[in-house]
Amino acid sequence: MAPIAPSKLRWAGRLDMYRKIPADLMEGSRRGSYLSYVAVLVLLTLFLLETGAYFRKKPVIDLMLDTNKDKRIRVNFNITMMDLPCEYTVIDLVSVLGTEQNVSSYVSKWRVDAAGIRQRYQGRNREQKDIQMFDPAIGKIGEEELYKNGESAISLNAETFEYALNEQEYLFVDFYAGWCSHCRDMAPTWETLAQVMTDVAEQIVDSHKHEYNEEELEHAKKLELPVMVAKVDCVIHAQLCAEQRIMGYPTLRLFVDGERWRGGDYAEHRTVVNMVDWLEQIEHVHKTELGSDEAKNVGVARKSARKRMGLDAASDSENEWAEKVKRHKQSLHHSWIDDEHPGCQIAGHLLMERAPGHFAVMARSPHHEIEAKLTNVSHFVHDLTIGDPIAYKMIERQQVSVPRDVQKKFTPMDGFAYVNRELHEAYHHYLKVITTDIDGLRYGKKELKAYQVLESSQLAYYRNDQIPSAKWILDLSPIAVSYRTTSRHWYEYVTSVMALVGGTFTVIGLIETSVGAIVSRRKSPYR
C-alpha cells in the first residue's frame, strides 16, 4: 500500500471545527454561572416539550368523494312505541329504487308495561301468525237458516254495556265496524257462537221449566247464559270504543266479573270451537281462583259447539293435547296482566339499499282493520346507529381515535322521546348519512365503516282516514369524511433537538456577551 503524502496530511489537519482554547486563557464569572443554569433549565424544558410533541399524534380530517362499494347499509335500532301494542306493530322498509318489504326476520318485540319496563313477550313474536278469519263450517248452515229466529248476539250501547258488565259473570264482546271486511266475514261465526250459548242456557232452564212462567222463563235463559255473547258497533258508539281503547277491528274482548280479562283479547282462530275452548279454559282458571264448586257451564257449551259444527267427540289424544294446552295457558294467565302492557319495544336491524329510502314503524294487522284516530306512534329511541355494531363498540371503548365532539354524531337520537300530543300526527325524522373512515377501525382483516348522522325531526300531519306512522328517512351524502392521525418523523425530532441545543447556547451566549459589554463599559475609566 502506497504511503500518504505529507502534504495531504497537512491539509486534513487544517480541518478542525472544534478547536480548543487553552484553559489559562478562559475566565469564569458569577454571571456566566447563573446564565449557565438558566441555559440548562431552558434546554431541559424545551427538550421535554419537543419529546412530548414527537410522541403525540395529531388528528387529521380529510374530505373526499364517497367510494364505499358496499351494496347495502345496516340500520340498527332499539325503539319503544309508547302506546302501540306489539300485536299491531310492524316495520316497513322502502327504497327509492322501488323495493318495499315488511321486515320481521331480524326484529324482536317485547311488550312494555305502563312504567316503561320491558316484559316477556310470548315467543318474542317476530311476526304475526296466521289465523282463521272465520269458521268455514258456518257456510254449511246457511245464512238464512242462521238468522231465521233473529239475532242471538246482543247489540250493546254505552248504557246497556255497563248493565251487562254488572249483571254477567262472563261477557264476550265483539267490537266491530260496519266498513270492516274482516268483521263482515266473522259476523256469522259470532252469531253461531251466541246461538251455542243460548242453546246451553235453554237446556239448563228447560230442566226447571215448571218453576217459571213464560216471562220469567226468558229472563232465566239470559241469566243462565254460560257467556253472554254481545257486540258493539264502533261507528255508532265511537265514544264507548274509544274508552275501551279499541285500535283494530274486530277486537274480541272478554270481561270477567265486570273487568277486562287479564289474559288479553282473543287472538286465536276465529272458529266457534276454538273460541268455546278458550272460554272453557278461562272459566276453569276463574273458578279455581275463586275456589268455587259451581257448575262449569262453558264445558257444556263446548260439547254443544262441537255437535252444532258437525264435529265428532274428541278422541283421547285430542283430550290429552287439550289438557296440556290448558295447563300452559293457565300459567300464562297467572303471570301476564295485559292491562299493564300498553307499549311495545322493538329491536333489531335492517339491511337497506345504498340509495335514499326510509323505514317506518306503523300499526297494521292482517287480521284487523286499524282505527286511525286511536293510533298513537309516540316513541322513545334507545339506540339508532348505521353500520356494523362492532365499529361503534370500538369507538365507545376508545380503541380508535375519534374527536370527542364527533362521537355524539354517530348516535344523535339516542335517549330522546318523540311524543304526539294530538290526533292524526306523527314524527318524521330526516337523516343525512355520511360515510366515515376511521384510521385503525377494523375487525380482523375486515375494514369497518362508521356513519355520522345529521338528524332533523318534524311533525307530519295526516288526514283523518290515514293511519299515522313514525318514519325515518335516510339520504346518503356523496361526501365522505376520513379521520386519521399523523406523527413526526424521527429525523425531524433529531433535527429539532440539535437546533434546541445549539440555539439555546447561542442565545444565552449572546445575552451574556451583551450584558458583559454593558457592564465593562460602565466600569471603564474613560467613559
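This is a predicted model: local features need pLDDT of at least 70, side-chain atom pairs count only at pLDDT 80 or more; totals for chains, interfaces and linings use all residues.
**Entry 1: His-424.** I started at His-424, which sits in the loop between β16 (416-418) and β17 (425-438). Strands here are DSSP E runs of at least two residues, helices are H or I runs of at least four, and both are numbered from the N terminus. The phi of His-424 is positive, about 60°, although the residue is not a glycine. Buried or exposed, I wondered about His-424? With 14% relative accessibility, His-424 counts as buried (buried is under 20% relative accessible area, exposed over 50%, partly exposed in between, with a 1.4 Å probe and protein chains only).

Residues are numbered from 1 along each chain as its sequence is written, and side-chain values use heavy atoms, with hydrogens and water left out.

**Entry 2: the loops around β9.** Arg-245 also has a positive phi, about 55°, and is not a glycine. I found Arg-245 in the loop between α8 (238-243) and β9. Arg-245 counts as partly exposed, at 47% relative accessibility. Further along, the peptide bond from Tyr-249 to Pro-250 is cis, with omega near -5°. Pro-250 belongs to the loop between β9 (248-249) and β10.

**Entry 3: a five-stranded sheet.** Next I looked up an open sheet with mixed pairing, in the order β6-β8-β7-β10-β11; strands pair if DSSP finds at least two bridges between them. Which strands stand at the edges? They are β6 (154-155) and β11 (259-260), each with a single partner strand, so one side of each has no neighbour in the sheet. Helix α5 (residues 158-167) packs on this sheet and touches β6, β7 (170-176), β8 (228-233) and β10 (contact means heavy atoms within 4.5 Å). The direction of α5 makes about 150° with that of β7; axes are lines fitted to C-alpha atoms, for helices over the stretch in contact, and angles run from 0 to 180 degrees between N-to-C directions.

For the pairings, I noted that β10 (residues 251-256) and β11 are antiparallel over two bridges, with Phe-255 opposite Arg-260 in β11. β6 and β8 run parallel, joined by two bridges, and Ser-155 stands opposite Lys-231 in β8. β7 and β8 are parallel too, with six bridges; Phe-172 has Val-229 as its bridge partner in β8.

I then checked β8 on its own: six of its six residues are buried, so the strand is largely enclosed by the rest of the structure. In a regular strand, side chains alternate between the two faces of the sheet. In β8, Met-228, Ala-230 and Val-232 point one way, while Val-229, Lys-231 and Asp-233 point the other.

**Entry 4: disulfides.** How many disulfides does a search of the whole structure find? I got two, taking a disulfide as a pair of cysteine sulfur atoms within 2.5 Å. Cys-86 is joined to Cys-344, S to S 2.1 Å. Cys-86 lies in the loop between β2 (72-81) and β3 (89-95) and Cys-344 in β12 (residues 343-353), so the pair ties together parts that are 258 residues apart in sequence. The torsion about that S-S bond is about 100°, so this disulfide is right-handed.

Cys-234 and Cys-241 form the other, their sulfur atoms 2.0 Å apart. There the torsion is about -85°, so the disulfide is left-handed. Cys-234 is buried at 5% relative accessibility, and Cys-241 at 2%.
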